[in-house]
Amino acid sequence: MKILISEDDPIFKTILENNLKKWGYQVVSTSDGRQAWDIIRKPGCPNVVISDWMMPEMDGLQLCRKVRAHEAPRYIYFIILTAKGEQQDILQGLEAGADDFLTKPIDYVELKYRIRIGERIIGLEEKVLELARKDSLTGTLNRRAFMEKLDQELERAARKNTPLSLLMTDIDHFKQVNDRYGHLSGDRVLKQFVSQMAQVIRPYDFIGRYGGEEFILCLPDCSIKEARDIAERMRSQIETTPMQISTSRPPIHITASFGISLFSSACEKDPESLIKKADDALYSAKNDGRNCVRMAQP
Ligand SMILES: [Mg+2]
C-alpha cells in the first residue's frame, strides 16, 4: 500500500519515511500541502495520507478539507500530525474530515497500529464498492459498472487505434424456462449461462447483465471476425451443454442468440450507438430463427 507523507520538517520526515518503508509501505513524500494536493489529484494516488498540521503554502487542515471535497475514485484515509494537543485542536482536525490524529512526538508503535486501522477501513470500502458493481445473482458487472468500464475501454481503443467488439446475447425463450421450471430454476440457468460464457472469453474481456436474461460483453482489441468466432463458440457450447440444475429433474436445454457490433477509430466514440447496433444485430438473430450469431451492418 502507498502512503503519502506531507511534512515540512526534513529530519522528522526522513524518520517517518524510514519507519514506513521498514513496515513494508511504499512512500511518497512532500514538504508542503500544495505539493501533496497535486499528488492526490493524480491517478493512482496513495490511499493513506499522513500530514503535518503546520506547513507552508497549504496547511494540513486545508489539505484535508480539499481532499474531502474532492471526488477521489477511492477513499483516502487521512491522519493529521501535530505538536498541538489541546482538545479544541483535535476537534478542528476531525471537523475538517481527518480520520485520525496523532500528536508529536510520535509513538511509532501507535502509528503503526493506527495505519492498520486505516488499511482495514480502506479494505472494507473496496469490498463494498466491489459488491455495488456486481449483479448479485450472476456475479457479472451490473449495467452501470459495465457502462463505466466500457467508456474506459472505448477511450483506450480510440487512443491506441485498436478495434473493440461488443456482443449482446439473450437466452432464447427464457420465459418458457421460468414458466415451466419456476423462477428458482430460471435463476440457476442464468448463472450457468454466465459461467459457460466465462469459459469462452479471454481474460481481459468482461460481461455485464444488461437486463433480465440479456447480457452484454466487451471484447477489447478484438476484430469482428474474432468476435464472431468467440460468439459462435459460446453459442455452440450453450446449445450442446444441457444444464443440470437439480438432481431430481432432467437437465434443461437452452439456446441463445448473439448480436455483434464493432468499434474502430473511424467510428464515433459513442457507447450508446455501439450498443444499439449490437442490439439490432441481436434482433436480426432472433428474427432469423434464434440460436445464431449476427453482425451489425458496418
Ligand atoms: Mg510543520
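Histidine 173 is partly exposed, at 42% relative accessibility. In this predicted model, histidine 173 sits in the loop between strand 6 (164-171) and helix 7 (174-181). Its phi is positive, about 50 degrees, although histidine 173 is not a glycine.

Glutamate 57 is another non-glycine residue with a positive phi, of about 70 degrees. Glutamate 57 belongs to the loop between strand 3 and helix 3. With 58% relative accessibility, glutamate 57 counts as exposed, because the cut-off for exposed is over 50%. The two residues are set out below.

| Residue | Phi | Relative accessibility |
|---|---|---|
| Glutamate 57 | about 70 degrees | 58% |
| Histidine 173 | about 50 degrees | 42% |

The peptide bond from lysine 104 to proline 105 is cis, with omega near 0 degrees. Proline 105 is placed in the loop between strand 5 (100-103) and helix 5.

Aspartate 8 comes from the loop between strand 1 (2-6) and helix 1 (10-22), and methionine 54 from the loop between strand 3 (48-52) and helix 3 (60-69), so the pair ties together parts 46 residues apart in sequence. Aspartate 8 is partly exposed, with a relative accessible area of 33%; methionine 54 is also partly exposed, at 47%.

Helix 1 has 13 residues, which at 1.5 Å a residue should span 18 Å, and this agrees with the 18 Å between its end C-alpha atoms. Its buried residues are Phe12, Lys13, Leu16, Glu17, Asn19 and Leu20. Viewed down the axis of helix 1, these fall within an arc of 165 degrees, so they line one face of the helix. They pack against strand 1, strand 2 (26-30), strand 3, strand 4 (77-82) and helix 5 (108-133). Pro10, Ile11 and Lys22 are exposed on the other side of helix 1.

Both ends of helix 1 have a local feature. At the start, a side-chain oxygen of aspartate 9 comes to within 3.1 Å of the backbone nitrogen of isoleucine 11. After the helix comes glycine 24, with a positive phi near 95 degrees.

The domain assignment divides the chain into domain 1 (2-133) and domain 2 (143-295). Their C-alpha centres are 44 Å apart.

Notes: Residues are numbered from 1 along each chain as its sequence is written. This is a predicted model: local features need pLDDT of at least 70, side-chain atom pairs count only at pLDDT 80 or more; totals for chains, interfaces and linings use all residues. Side-chain values use heavy atoms; hydrogens and water are left out. Helices (H or I, at least four residues) and strands (E, at least two) are DSSP runs, numbered from the N terminus. Buried means under 20% relative accessible area, exposed over 50%, partly exposed in between (1.4 Å probe, protein chains only). The expected span of a helix is 1.5 Å times one less than its number of residues. The arc is that of the directions from the helix axis to the C-beta atoms. Contact means heavy atoms within 4.5 Å. A polar contact is a pair of N or O atoms within 3.5 Å; within protein, one must be able to donate a hydrogen and the other to accept it, and residues adjacent in sequence count only if both atoms are side-chain atoms. Domain bounds come from an automatic or database domain assignment.
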